[in-house]
Amino acid sequence: MSVTKKNSKKTFHIDESDLLCKNGCGYYGNPAWQGFCSKCYREVYQKAKQAQVQHDALQKAKRLAGLGDSPPSFSKFEEKKTQQTNKRSHTVKSIFKRPLQKESSPDQLATRKKEVRRASLESQQVGGEFAEFLQTLKKPVALDVSKRVRNLNERIHNLTDYSIEELSEMVQDFYQSMSDQFHGTPLYSSCTAETTEQLMDYIEKFIMTTLYRLVFCSPHTNDEEKDLTIQARIRSFHWVNPQMLDMSIAEHEPAVRQLVDQAITDIIEMNSKRAPQDKLACLVKCSKHIFEVLRASKDSPASADEFLPALIYIVLKANPPLLQSNIQYITRFSNPSRLMSGEAGYYFTNLCCAVAFIENIAADSLSLNQVEFERYMSGEATPPSRGNEYMCEGMRLMYENLQRLTEMQKRHDKVMAEAMQLQRDVEEFKENFKQEIQNVLERNPLTIKPRKVKVEIDEVSEETHKLPPPLVPIQSQVSAQVALVSLTEQQQQQPPPPPQESLPEQPQINSLPSPSLLYNTDSPIDANFLEPTQLP
């Protein structure tokens, strides 16, 4: 990683060549391997180790030959091992570790070795998945793989005095031997390239899940001290904002803030996984979310040069637990092919570069003068707010609520405008409707006619006497007869008139026949249509 300055502006830039092995093999290097890839580092390490062993043996032989009976001194390897043992007693993990009994009988030691190690739930789950995959293979292949994996687990569990580097070398040698078996043994000739790749993944996951408690943050190493150191250093840089890292993240946008939180969650989740490939999968998810953050912040695709500063910023804000232990665990026990190439290897190399940058941050790394840097580090001052730096949860929630209120106000204004327009439309429709009705009334005047009333056929009315006799209602005839009877009685009560000259008799035209002669009640015709009899 290089930091260049142009026009007083710092620019983070990392070339592809900076990530590759310095031996020129074309694979990704690692700061933990002094810039070499896993393969080249092992070759260099083995040569140096053999040279050291030969040198120690030669020095020891010279001392024995020159000093005679004088007690031999420890070699450099033994001195280093003693120092690591002394450091082990000061770690937090060793404090809570159950101390071994000083005095143990041979029977107790034998019984302790025969004790069956109780597997964790995760180990049982991974073991079940591994067994299911082996069932899909041919029986000789499955038996051979199962035997080799079981022997390696038993060997490592029994080698309690081995250093973590020696255990790592054993695991890496096992990966290499299995790869050689897959490509050079007739037993595995029936397995395709895809099958062998899946088989190596299952082998790595099963071995490292069962050995996790033994090799992760081992008390034989100083990984715990490195974890505390990097954790305290990251905490001291809580004031660093994206502008200091020469990038821009629009954290005031809810969508961008959510992506930043997801990236932080992914890199923190890395510590909860056991298998190296699962830890690398968390790192890959975190890196993809970082690219989405950069893309959403500037509405354009992100470049590889912008990724490293963003990853540094995410690491500073997340402060992942046991960061150095996880990096060392992946470096020591992951399949070398996984780190030497591919997507996971690229992102892991960038993570190592980000941690190395954090460990060496200085004033010029952030484009600050020494006075400002020291004031920020001591807490005497804070960087000026630029509107899109990382905010606490309360401030972020407040800004999100304000933005929601603004959006709700806009929606309210829109609804009110539409409601007023609807009211105007209703009033206009009402007026138009009234006008249409008025126009219709003017074209066609309204004539109100009397209401039709139901009339009884036998009801007496003023027009009854105008009807011909057959249509005279019965009630009218009866009323006329009653009136005639009353008139006859009145005439009888009056005194007779004086005698007058006799006149010839005339028929009485106005006299009415008796009711019994008007209608023939014995007629077979319907009573509603009675036929009148002949008048005299």
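View 1. Tyr 399 sits in helix 19, which spans residues 393–443; helices here are DSSP runs of H or I with at least four residues, numbered from the N terminus. This is a predicted model, where local features need pLDDT of at least 70, side-chain atom pairs count only at pLDDT 80 or more, and totals for chains, interfaces and linings use all residues. Residues are numbered from 1 along each chain as its sequence is written, and side-chain values use heavy atoms, leaving out hydrogens and water. Tyr 399 is partly exposed, at 42% relative accessible area (buried is under 20%, exposed over 50%, partly exposed in between; 1.4 Å probe, protein chains only). Together with Met 395, Met 398, Leu 402, Leu 405 and Met 408, Tyr 399 makes a nonpolar surface patch of about 580 Å² accessible area (patch residues have over 30% relative accessible area and no salt bridge, with nonpolar side chains joined within 5 Å).

View 2. The structure has 16 aromatic pairs (ring centres within 6.5 Å; planes under 30 degrees apart are stacked, over 60 edge-to-face, the rest tilted). Here Phe 182 and Tyr 188 pair edge-to-face, with centres 5.0 Å apart and planes at 70°. Both Phe 182 and Tyr 188 are buried.

**View 3. Phe 216 meets Tyr 329.** This edge-to-face pair has 5.5 Å between ring centres and 80° between planes. Phe 216 is in the loop between helix 10 (212–215) and helix 11 (223–236), while Tyr 329 is in helix 15 (residues 323–333), so the pair ties together parts 113 residues apart in sequence. Phe 216 and Tyr 329 are both buried.

**View 4. A ring cluster.** Phe 130, Phe 133, Tyr 202 and Phe 206 are linked into a cluster by ring pairs.

Terms used: Patches are made of residues with over 30% relative accessible area and no salt bridge: like charges are joined within 9 Å, nonpolar side chains (Val, Leu, Ile, Met, Phe, Trp, Tyr) within 5 Å. Accessible areas come from the Shrake-Rupley method with a 1.4 Å probe; for residues, only the protein chains shown count as cover. A salt bridge is a side-chain nitrogen of Lys or Arg within 4 Å of a carboxyl oxygen of Asp or Glu. Helices (H or I, at least four residues) and strands (E, at least two) are DSSP runs, numbered from the N terminus. Rings of Phe, Tyr and Trp (its six-membered ring) pair if their centres lie within 6.5 Å; planes under 30 degrees apart count as stacked, over 60 as edge-to-face and the rest as tilted.
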